[in-house]
Amino acid sequence: QVQLVESGGGLVQAGGSLRLSCVASGIIFSINAMDWYRQAPGKQRELVATISSGGRKNYADSMKGRFTISRDNAKNTVYLQMNSLKPEDTAVYYCHCRDYSSSRLNDYWGQGTQVTVSS
């Protein structure tokens, strides 16, 4: 029932920009923390950015100053604005939801969207 549907991935040249979107359904979006992760071939999945239900944001060091996470609770959507893209940003990007409303964490993943940055 819980769905996280991503869009906005694609092919872009180095230095370009993309904006990823993730639309959530089946959850009370406004009370959940949302994250973006990415995974390159042969690499571990890594955290890109987080945003809490209160709007507090965190970024991995390599993304600071280039990426911006935001949310629109009225649209049940979290965004990742990516600027100054580099070839090393090439990965599958995943939307992730953290639900702390129960006695333990429940989390959910989107299907992933491919971002390819050419040199």
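Reader: Okay, a salt bridge is a side-chain nitrogen of Lys or Arg within 4 Å of a carboxyl oxygen of Asp or Glu. How many does the structure hold?

Author: Five salt bridges. Keep in mind that this is a predicted model, where local features need pLDDT of at least 70 and side-chain atom pairs count only at pLDDT 80 or more, while totals for chains, interfaces and linings use all residues. Residues are numbered from 1 along each chain as its sequence is written, and side-chain values use heavy atoms, with hydrogens and water left out.

Reader: Which residue meets Glu46 in a salt bridge?

Author: That's Arg38, with 2.7 Å from N to O. Glu46 is partly exposed at 33% relative accessible area, whereas Arg38 is buried at 6%. Buried means under 20%, exposed over 50%, and partly exposed in between, using a 1.4 Å probe and protein chains only.

Reader: And what does Asp35 pair up with in a salt bridge?

Author: Asp35 meets Arg98, also through their side chains, at 2.7 Å from N to O. Asp35 sits in strand β4 and Arg98 in strand β9, so the bridge links parts of the chain 63 residues apart. Strands here are DSSP runs of E with at least two residues, numbered from the N terminus.

Reader: Buried or exposed, those two?

Author: Both ends are buried: Asp35 has a relative accessible area of 1%, and Arg98 has 19%.

Reader: What about Lys64, who's its salt-bridge partner?

Author: Asp61, with the closest N and O atoms 3.2 Å apart. Lys64 is exposed at 51%, and Asp61 is exposed too, at 64%. There is also a network of salt bridges that share partners, joining Arg38, Glu46, Arg66 and Asp89.

Reader: New topic: how many aromatic pairs does a search of the whole structure find?

Author: Two. Rings of Phe, Tyr and Trp (its six-membered ring) pair if their centres lie within 6.5 Å; planes under 30 degrees apart are stacked, over 60 edge-to-face, and the rest tilted. Tyr94 and Trp109 make an edge-to-face pair, at 6.3 Å centre to centre and 90 degrees between the planes.

Reader: Where do those two sit?

Author: Tyr94 is in strand β9 and Trp109 in strand β10 (residues 106–109), 15 residues apart. Tyr94 is buried at 14%, whereas Trp109 is partly exposed at 37%. Ring pairs also bring in Tyr37, giving a cluster of Tyr37, Tyr94 and Trp109.

Reader: Which residue lies over the face of Tyr94?

Author: Arg45, at 3.8 Å from the ring centre. Arg45 also lies over the face of Trp109, at 4.7 Å. A charge sits over a ring if NZ of Lys or CZ of Arg is within 6 Å of the ring centre and within 35 degrees of the ring normal.

Reader: Now the inside. How many residues are in the largest nonpolar core?

Author: The largest core has 26, and Trp36, Val78, Leu80, Met82 and Tyr93 have the most contacts inside it. A nonpolar core is a set of buried Ala, Val, Leu, Ile, Met, Phe, Trp, Tyr and Cys residues joined through side-chain atoms within 4.5 Å. Among the strands that each supply at least two of its residues are β3 (18–25), β7 (67–72) and β8 (77–82).

Reader: So what is Leu80 in contact with?

Author: Leaving aside neighbours within four places in sequence, its contacts include Leu18, Trp36, Val48, Phe67, Ile69 and Tyr93. Contact means heavy atoms within 4.5 Å.

Conventions:
Helices (H or I, at least four residues) and strands (E, at least two) are DSSP runs, numbered from the N terminus.
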